[in-house]
Amino acid sequence: MPTGDHTLTVLPNNAPVLYWTGDDGYTDDGVEPDSGASGATREFRVKYTDADSNFPTIKQVWIDLDDSGTYQEEEKFNMTWILDSGSDYTVGVNYTTSVIIYYAGDGTLNYTFYFHDGADPAVGVPAGDNTLVVDPNTPPTLTWTGDPGFGSDGIDPDSGATGTRFEFRVEYTDGDGFPPTVSQVWVDLNDNGTYESAEKLDMTGVDPNDTNFQDGKDYVYARNLDYGGDGTRKYRFYFYDGADAASGDPALDDSWYFVVTSPSGSLHYVDGENGDDVSNSPYSSQQSPAATIQAAIASCQALGGGVVYVRKTAAQYTGDSFTALTMASNVNVRGRNEDWDEPTAPDYSDCPIIYGDGVPAVTFQGVSNCTLDGFVLTSNVFMGGVISVNGQTGEVANAIIRDCQVGGSSGSMWSGISFYGTVGITIEGCDIGPGQRAGIGGALANQISPASSPIIIRRNIIHGWAVGIRLYGGNVGGFDITIGGSGMDGNQIYTSDGGNTGGTGVYLQDLGTGCSVVVDNNNIFDNGRWSFSAPNGFVGAGILVSGADLVTIKRNKIRDNYAAGIAISYPSAVNVGAGADVVDTLENIQNLYGNDIYGSYGGAGVVLGTYDNPPALSGTYVIRGNHIYNNRAGITLRSAVSGDVLIRQNEINNNTWGGVGIQDTCDNAEIIENNIRDNCRGGIHTGDDLGTFNGWPTLTNLTIRQNKVHHNGTGSYGGGIDVRHATATIENNLVYENHFGGIRFGGYTTEIRSNTVINNGDVASDRGGGIIFDDLDGAFNDPPSGVPSAPLPIKNNISAYNVRAGIRACFYTTDLYRNYNLLYSNSQDFLANWCGTCASPDCTTGGRRGPRTCIGAQLGRGCHTDTPFCCTSISASGALPGETLIFADPLFEDMNNDNYHLAVGSPAIGAGELGTDIGAYGGDYPIYDAEIPGP
């Protein structure tokens, strides 16, 4: 009966059991790795089984992180199910978690796995105490960065007036390679002698791409600071790697100080709400606001300088603004409601608005030591700029425009920030655009002169102008200009598309001699436009240098600009000359290195000269360590150069024309250690696509050395090195798998030595030899013809597997100049096309790739007039009279994977002149396989 007594049986619970998973590294413990560096991540794994098929209600690994002998609550970590291990608890399911573990105690730490099925805890070896080993941590260190202003402390400037922006920098190094878990500068902002929580300020890495902490990484923090206390503040740096705090001088307490000064009574503020709310610092120190910004500036100026704080009013949210103002020396005007700490961009909706009705919104005229900080600036002025920096009646020096939004009410202004006269100013963190002429600088009439302080333009966004930055110097010389900088100091400059110089991102014009100009770490893109009247249809460039020396252009990303990435045209008024060492000195050098240049639709990545009536250039030009790709051409020398050009250690690839093109004479050009590949119309060439060379007949002193030139050419174009106009030395290059010939040279070449020229040519079109002479009597793409008019050394080369001859340079009476070369398996269909029927069996083998041992196949038809000799096999004849040649397999290490090092037993080893190895890896300048330095 339902109301009677009944019984039920509850079976005893089977406690779950834990096992090692048996995975690699987990066969006899539950952690991988078992031992290792402090701060490394360890993965824990365990297998959970339950005969009752109950899932775990608790699944944790406990780790005695502080080596205290107990497992505290914060040392218990939940684990997650490894899906691939299945879901049958009777068989076993694997669980995992990862934990960063630091050195503690004696470095041997206990861990255990704790699982529970709701009734009983799990048992088994993993449920007992197990151990792992942590190597002692290498504590991090702090040092000064050594940057200008940071050689002996961590702040710049060391002192300044109230409202000055102070920048803190320090270098963090960790021998274990671990990043800091805490990276702070502690600043006693209220000068009360202690570091409170709000005064521990997080720093940011200068270079976000730098992840190598073993060789040091720089950190930065910057903010405006106002006078307080006695004006002397202390600071220190605190970094922590998760185990230890960093040591070193920058970490010392109470050792480092800076000073903020303020003339008495020099704090003023402007507030359209008539002072109803002055509770927020710095307004709390003021009893009533000034009527206008200009009145507050005048009051500060009368007291010898100071700071004017401008608070955005409620009325401004509906469009009202402050009227135009003129800056004064030693007076800073700040519009921020609160500090924006770099690199955080300002929120311009919190900024006061200044409007210039028919005049610039703000004018700097003959003033020094003043800052405009944190405003929205707009104007309908046409002849001028939204901000006018006018040094015509007196220099503007040590002035700063920071974190402002600069734009016109109608987009019709000539300039965002216009320069005139003697100007030394810093423009940083601004959003400038759009407008008609120049974002920064101005029209041709806006000539500038050097001031007692430099021009620094950094961390700006400049967009929608005819020219992003245009600095015109009238050839007076002596400028100190920095555009961009290291770390986060670069500018973004884009969508410049109007005017006669339409679409130039940075335009440096007629700056003259004795300059120090650096364009560093900028992102310059989408500049230029199409023009029916322009040569080649395009105008504009990423960077255009027209008359300046001592220019360094480095580490920029220059992309998707229409006419060119970097264009250098028109010489300075005075020849800049040449440095003694064009590789390592910056003296008198147009220096391009470390840039990423791509997507120049209408021109080259780098152009020396102009497209129409190019004038001669003067000076030394170094183009080094750039990545130049996906442009119309890679590097083009259009103008004659009275001086030196060094093209070194560049990666030049996938350009729709050639890799390096030279169309006019040059006193000295060196193309060294580049990787030139996959360009559609050839690797290195002289002349344009029609063979026209402006400097006919010779390009003097061209050195081509230690380059890798490969996979260039397609269709009806494409040799590796084609320099028939040049007085050239070609040595130690690796030239392989180009569409047509490997090396094609003319009568002005002086020496071809120690090159490896392999597998060049196109079988379908029956074109492409190894090392080939051409007198240029035919059209540009005609087969080669002629013989050298004078002997030249062709020695120590390997030429093999090319579609046509290995070496075609027919010295009828001077064969001894063609010595110490190795030739093998050149010339396709040699017998049928050149020599008719040959009896020698050695000359009738080899298939489509041609006979491997016939003299004529290796040295070219016509170099020897008698057909029997043409068909004579090497085994029958030996070497040619007066020559030391090798006709044998060069035995490369792995030709199928483009490894052309000589394998053990190669006949080219030690067989060259003076006992060197033959080919690119021998001789005086052995090529090396290190990666080309990039941007």
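**Entry 1: what I'm looking at.** The model is predicted, so I keep that in mind for everything below. I started with the rings and got 27 aromatic pairs for the structure.

**Entry 2: F168 and F258.** I picked this pair to begin with. How are the two rings arranged? They are edge-to-face, with 5.9 Å centre to centre and 75° between the planes. The angle is over 60 degrees, which is why the pair gets that label. Next I looked up where the two residues sit: F168 is in strand β14, residues 164-173, and F258 is in strand β20, residues 256-261. The pair therefore ties together parts that are 90 residues apart in sequence. Buried or exposed? F168 is buried at a relative accessible area of 0%, and F258 is buried too, at 1%.

**Entry 3: Y494 and F525.** Here the ring centres are 4.9 Å apart and the planes are at 10°, so I have a stacked pair. The cut-off for stacking is under 30 degrees. Y494 belongs to strand β40 (residues 492-494) and F525 to strand β43 (residues 523-525), so this contact links parts 31 residues apart in sequence.

**Entry 4: charges over rings.** Which charged end sits over its ring? That of R559, 4.1 Å from the ring centre. I noted another case as well: the charged end of R681 sits over the ring of Y717, 4.5 Å from the centre.

**Entry 5: the cluster.** Back to F168 and F258, which are both members of one aromatic cluster.

Entry 6: F258 sent me to β20, so I looked up its sheet. I found an open sheet of 5 strands in the order β13-β20-β19-β15-β16, with mixed pairing. Which strands are at the edges? They are β13 (159-161) and β16 (200-202), and each pairs on one side only. From one strand to the next, the twist averages 30°.

**Entry 7: β19 against β20.** Strands in a sheet pair through backbone hydrogen bonds, parallel or antiparallel. I checked which applies here: β19 (residues 232-240) and β20 run antiparallel, joined by 4 bridges. I also looked for the bridge partner of R233 in β20, and found F258.

Notes:
Residues numbered from 1 in each chain as written. Predicted model: local features only at pLDDT ≥ 70, side-chain atom pairs only at ≥ 80, totals over all residues. Heavy atoms only, no water. Phe/Tyr/Trp six-rings, centres within 6.5 Å; stacked < 30°, edge-to-face > 60°. Buried < 20%, exposed > 50% of the residue type's maximum accessible area, 1.4 Å probe, protein only. Lys NZ or Arg CZ within 6 Å of the ring centre and 35° of its normal. Pairing = 2+ DSSP bridges. Axes fitted to C-alpha atoms, helices over the stretch in contact; angles between N-to-C directions.
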